[in-house]
Amino acid sequence: MDLTTLKRCSAVLAAVFLPVLVCGCGASGQRSAYRPQPGGEHTVMVQQIPTLPGKAAESQPTQTDTTPNTAESTDTTETADTAPMTGTADTPETLPPEETAPSSEVPPAAPEAQSSPWVMSIPQQGAPITPQPGDTTATWDPRRASMFPADKDCGNAMLLEKYLTVEGLSWADLSARDCRQLVLVVGTGENEAQITCYRREMQGWVAEDHLTWMTGWTGKKGVAHDRKRNTLTSPAGLWALGEAFGNATKPEGLHLLWRDVTGNSDWVCDDQSSYYNTWQERDDPTLTDTWNRADVEHLEDYPESYAYACVIRYNTPPYTVPERGCAIFFHCAKGPTEGCIGLPEADFLRMLLWLDAEEMPYVLIVGSED
């Protein structure tokens, strides 16, 4: 065989067998390496060959097992349960809207929003949890007031610290409740109160300039720890502020849940009813119990006091003990109350519009120790 014939035979053999010898090379120019996986399966780890300028790399599957593969990434460090990156909050990565042809089909209707039951209407279930968190009867010590100046000589921040200390509370108690708005009610004299609103900032608690040292009222007989029903006292302690309601129109800009008073709105004070210390509508078809209509606060009967009001969650379910009383609100007032906390309507409305449910507002009710 001459040299020319030998060269031709070599070229033919190379064309036939060389592709077989190159392991894992495909038309895309990617080489595959195999890595054993637990359980006998294996994953193809793709090594990307640099792409020529102006040409986009073709995506390759990253698995060769029998299950369908949905991964699009060729990053060898990404696993099946690694969420894809979509950018950061500062620099969101979004695609422009796609242009689609108009459709003659009517889109499906969105599901109807399901309204949750009013918290103030959910009755006590089973035995009450006692003591209610925020009840400072066991931790209050008036002697601690001597550690601080008289109220009139305290700045706003010191005044708050003083009465947290007197009640046996701390800044940590506010943080544990995620409280970021606080209304301090300091009973002064027989039944007056000085009321200041605070918000939590990075540097600590700061008084709201337009909501400080407002003159309001407590119950006719002041503030009491371990408060009992029909004593005309307001309950000392740290209580959550709940839903707002009123006989007036819902104020614009309100950040609390609001409920309109109707002719059927009763706050049940009948301690023989399962609905004790809750708001119920007389015509509610889902009611499973009754109550004495003479032992209620028929909310429509208080057009001025309850023009605007807010529930103080004292002795409310699941903490309801009948002897501790019911219907404790923060509302508009012109003088002492039956046990609620009151402010002149203009001041109360400014405070109400400042309150924000997302800031977890609380009220701290205390008696002055001066």
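## Burial and overall make-up

A residue is taken as buried when its relative accessible area is under 20%, and by that criterion 38% of the 370 residues of the chain count as buried. The model is a predicted one, and its secondary structure comes to four helices and 17 strands. Among the contacts in the chain with a separation of 6 or more, 61% are accounted for by residues 24 or more positions apart.

## Confidence

Over the chain the pLDDT averages 79, with 68% of the residues scoring at least 70. Residues 16-116 form a stretch in which pLDDT stays under 50, and for this stretch the model has 64 contacts beyond four places in sequence. Where pLDDT is low, the predicted coordinates should not be read in detail.

## Helix α4

Helix α4 spans residues 345-354, and its buried residues are Asp 347, Phe 348, Met 351, Leu 352 and Trp 354. Because these residues cover an arc of only 160° around the axis, they lie on the same side of α4.

## The second largest pocket

The second largest pocket has a volume of about 410 Å³. It is lined by 24 residues, of which Glu 297, Ala 327, Glu 338, Gly 339 and Cys 340 are the closest to its centre. Taken by class, the lining of this pocket consists of 10 nonpolar, eight polar and six charged residues; Gly counts as polar and Cys as nonpolar in this division.

How values were computed
Residues numbered from 1 in each chain as written. Predicted model: local features only at pLDDT ≥ 70, side-chain atom pairs only at ≥ 80, totals over all residues. Heavy atoms only, no water. 1 Å grid on protein atoms, 1.4 Å probe; cavity = no way out; pocket = protein on both sides within 12 Å on 5 of 7 lines; lining within 4 Å. Points joined across faces, edges and corners; volume = space filled by probe spheres on them. pLDDT = per-residue confidence, 0-100. Contact = heavy atoms within 4.5 Å. Buried < 20%, exposed > 50% of the residue type's maximum accessible area, 1.4 Å probe, protein only. Helix = DSSP H or I, 4+ residues; strand = E, 2+ residues; numbered from the N terminus. Arc of directions from axis to C-beta.
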